[in-house]
Amino acid sequence: MTTKKIERRIKIKYRVRNKISGTPECPRMSVFRSNKQIYVQVIDDLSGKTLAAASSLGMEVSSKSEQAQKVGALIAQKSQEAGITKVVFDRNGYLYHGRVKEVADAARNGGLKF
């Protein structure tokens, strides 16, 4: 991966993070996507704590999009157990397309409101 691509994503990430923030009532749902895995956290930025987290580590699925759907459903379930129903979606500088969109759609179907 070229450094220009990484720098571009980081610029977008900071631009988005200046506009959104997670509160205890409406935490921030942050997505990180690597080449092989996908990770999601629900974060309260005021106290600096992670309220719920899910990742695709150890999942046995055939494709990355299926991984993303399962992680989205899992984070929705864990958030519901923690009493969270409404979140702010942080795509973390990634395009809202592909695996990032799959996570968001699965979380919405699981009961989270964005």
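Modeller: Two notes before we start. This is a predicted model, where local features need pLDDT of at least 70, side-chain atom pairs count only at pLDDT 80 or more, and totals for chains, interfaces and linings use all residues. Residues are numbered from 1 along each chain as its sequence is written, and side-chain values use heavy atoms, with hydrogens and water left out.

Biologist: Glad to have that settled! What makes N92 count as buried?

Modeller: Its relative accessibility is 8%, and buried means under 20% relative accessible area, with exposed over 50% and partly exposed in between (1.4 Å probe, protein chains only). N92 therefore counts as buried. It is found in the loop between β4 and α3; helices (H or I, at least four residues) and strands (E, at least two) are DSSP runs, numbered from the N terminus.

Biologist: Which residues does N92 touch, not counting those up to four places away in sequence?

Modeller: R9, K13, S30, V31 and F32, where contact means heavy atoms within 4.5 Å.

Biologist: On to helix α3, then. Why are its buried residues said to line one face of the helix?

Modeller: In α3, residues 99–109, the buried ones are R99, V100, V103, A104, A106 and A107. Seen down the axis of α3, they fall within an arc of 165 degrees, so they line one face; the arc is that of the directions from the helix axis to the C-beta atoms. These buried residues pack against β1 (28–33), β2 (38–44), α2 (64–81) and β4 (88–90).

Biologist: How is the packing of two helices described?

Modeller: By the angle between their axes and the distance between the axes. For α2 and α3 the angle is about 35 degrees and the axes are 7 Å apart. Here axes are lines fitted to C-alpha atoms, for helices over the stretch in contact, and angles run from 0 to 180 degrees between N-to-C directions.

Biologist: Which residues of α2 and α3 meet?

Modeller: K64, S65, A68, Q69, G72, A73, I75 and A76 of α2 meet R99, E102, V103, A106 and A107 of α3. They divide into seven nonpolar, three polar and three charged. Ala, Val, Leu, Ile, Met, Phe, Trp, Tyr, Cys and Pro count as nonpolar, Asp, Glu, Lys and Arg as charged, and the others, Gly among them, as polar.

Biologist: And what makes L57 exposed?

Modeller: The relative accessible area of L57 is 54%, and exposed is over 50%, so L57 is exposed. L57 sits in the loop between β3 (49–55) and α2.

Biologist: Where does the side chain of Q37 reach the backbone of L57?

Modeller: At the backbone nitrogen, at 3.5 Å. A polar contact is a pair of N or O atoms within 3.5 Å; within protein, one must be able to donate a hydrogen and the other to accept it, and residues adjacent in sequence count only if both atoms are side-chain atoms. Q37, in the loop between β1 and β2, counts as buried at 18% relative accessibility.

Biologist: Lastly, how do you know that V71 is buried?

Modeller: V71, in helix α2, has a relative accessible area of 0%, so V71 is buried.
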